[in-house]
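Here is a short report on one protein model. It covers disulfides, salt bridges, a helix and the nonpolar cores.

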Amino acid sequence: MLFYYVLICFCIVVIVQSEEHVHTNGPFRKIHSKFQIPSPFNCNRTIGISSNSLSVKMADLQVSTTHYLNKDSLDVSWIPLSNPCKDDFIGIYFVEIQKETGACDYVDYEFIQIGQNNSTWFMINLRRQLEFRYYSRNRNCNGNYEFLAKSPIVEPINYNEPTQVHLAFGNHNNEIFVSYVTNSNQIIPQCQYGFDSTSLHFQSNGTTITYQASDMCEGKANISGPQSFINPGYMHTILLNNLYPSTIYYYRVGNNEHGWSPIFHFINRAVNIDDEVNLIAYGDMGVSPIQSGAKATIDRVATRVQTNNVTAILHIGDVSYARGIGALWDAFMAQIEMVTSSVPYMVGIGNHEYDHVTGGDKDPSGAPGEGGFRPIWGNYGYDSGGECAVPMVHRFHSPSNGNSLFWYSFDIGPIHIVYYSTEHDFRRSSPQYTWLENDLRSVNRSRTPWLIVSSHRPMYTSLVVIDLVGLMLQLYIEPLLYKYHVDLNLYAHIHSYERTCPMYQHQCVENGITQILIGMGGHDLTYGNYSGTTWSLYHDIDFGYTHIWANKTYLTFNYYHTDDDHLVDQFHLNK
């Protein structure tokens, strides 16, 4: 009882980071400063947006093309104003947004510098018509924004272009999920595949789902608009089965009516204990450039995928940071497609995918209560923007041996990997705890000698912060991991890197659990004071990713910085 009394007292003064993570909309890769935001801080000065009072006239904007493919670059050009305001901007808009009153209702924007006459945009297929608009202020730049010019309408070449192609492991070693997005559910989704890129002799059909604003729990996610929910298109998924292990398959997705994707390839996972496995792992990425390290990370990972025969990528929570902004999901899925089309992308649940306060009847995890797991000692907030993991479970897939993406496990060669959720009840009386213990107990260590567990929030960190959730993970989960001889415990949430000795209950011990914080995947870094505790062997605050190589007797863990791809931490384990 004393332990819980102390925890309750701590709750009064808890200072663990709440991860507010306020950002502006930026799905078209425009870099924004929080001090330079037209909306809401200075877009609507005084009474609103005026019309037809500027004496300045401007010719229409020109575009390099009016039709584009997903991830194409598009140039916008104009004749510069002789005396622009310092916060003139060009925005990209849904065509139905009113020009005179909708200056703030952009999807993305860029401030215009003096003398600037062009701008390049990284386009994503939002399955709708768009246009660029130029806004400037009246009253010698002290008044309200007024519409000056627009571009021709720009739109995708193919609204049903297969985009956002990604892979995930199925229930069995011979299965792979292949998923993609289009604008239609009228045609059965298909995947053609084979052993050679010129001979895709096999074909499988799939299923189609989508979600609406009303399917999510609360807040911004329930509101339709360019900076909140937008139609996500239709998510198509095909399950390929009877695949040979460690075999290259070439494939494409789509159909004859709407068109096909490019031909991609993947190597099905190893199943033999004698096989070697390469994994990439990180957490807390988000969309570039909103999260400043995201592009460098995914670019480095893409190089590893091309050169290292990577078996899977583990992204342990805080995936897109969309938080109710639908276009950011499209931007994130476009950002990762260059790796997810070749390597299974296995995701876990973080606070920015799941945490919500109300709308519990729509929670796809089935957690009881309006806001799910919200103990007095937790700092579970409104971090998903009301999404409550609905986009996640529609977009990504996993084996079905647990509870959807919330907790599940799978084998790769000599490794058994377990995902569990720190956003859900993990106490001994919970269904998740029961499942986790049963899964750990069932692992055949003669078949998969390595055991890796992943979740989002950290069990240990030497960052000087009061983290009650971490203390409770130590109380409930750490004994379970130690009992079943877990080798690595991976987590994120704090945006830095840290590795411990093999440890148990704050002590370095033989046959202990190596705890590794890998939250440096791209989101703004977490700076602070580190205590220098004896169990912390290495930490730094930099963007990076980790690479795990293993065979049946040997495991090597590498941590790389993304700015120069320099190896900065490494350790080895032996069986």
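## Disulfides

C501 and C508 form a disulfide, with their sulfur atoms 2.0 Å apart; the term means a pair of cysteine sulfur atoms within 2.5 Å. The torsion about the S-S bond of C501 and C508 is about -90°, so this disulfide is left-handed. C501 is buried at 5% relative accessibility, whereas C508 is partly exposed at 43%. Here buried means under 20% relative accessible area, exposed over 50%, and partly exposed in between, with a 1.4 Å probe and protein chains only. The model is predicted: local features need pLDDT of at least 70, side-chain atom pairs count only at pLDDT 80 or more, and totals for chains, interfaces and linings use all residues. Residues are numbered from 1 along each chain as its sequence is written, and side-chain values use heavy atoms, leaving out hydrogens and water.

The structure holds 3 disulfides. C85 pairs with C141, the sulfur atoms lying 2.0 Å apart. This disulfide is left-handed, because the torsion about the S-S bond of C85 and C141 is about -90°. The pair links distant parts of the chain, 56 residues apart. C85 sits in the loop between β3 (73–77) and β4 (89–94), and C141 in the loop between β7 (130–137) and β8 (145–150). Helices (H or I, at least four residues) and strands (E, at least two) are DSSP runs, numbered from the N terminus. C85 is buried at 4%; C141 is partly exposed at 26%.

C217 and C388 form a disulfide too, with 2.2 Å between their sulfur atoms. The torsion about the S-S bond of C217 and C388 is about 90°, so this disulfide is right-handed. C217 lies in the loop between β14 (207–209) and β15 (234–240), and C388 in the loop between α5 (351–354) and α6 (390–395), so the pair ties together parts that are 171 residues apart in sequence. Both C217 and C388 are buried.

## Salt bridges

The count comes to 17 salt bridges. Each is a side-chain nitrogen of Lys or Arg within 4 Å of a carboxyl oxygen of Asp or Glu. E337 bridges to K71, the closest N and O atoms being 2.5 Å apart. E337 lies in helix α4 and K71 in the loop between β2 (67–68) and β3, so the pair ties together parts that are 266 residues apart in sequence. E337 is buried at 6%, while K71 is partly exposed at 28%.

D299 and K295 form a salt bridge at 2.7 Å between the closest N and O atoms. They are 4 residues apart in helix α3 (residues 294–307), about one helical turn. D355, E423 and R457 are linked in a network of salt bridges.

## Helix α4

Helix α4 (residues 326–340) has 15 residues. From first C-alpha to last, α4 reaches 20 Å, close to the 21 Å expected at 1.5 Å a residue; the expected span is 1.5 Å times one less than the number of residues. α4 bends by about 30° at A334, the angle between axes fitted to the seven residues ending there and the seven starting there. Of its 15 residues, 14 are buried.

## Nonpolar cores

The largest nonpolar core has 118 residues, and F132 and F396 touch the most other members. The largest share of this core, 9 residues, comes from α4. A core is a set of buried Ala, Val, Leu, Ile, Met, Phe, Trp, Tyr and Cys residues joined through side-chain atoms within 4.5 Å. A second, separate core of 49 residues includes Y193, Y249, I412 and L488.
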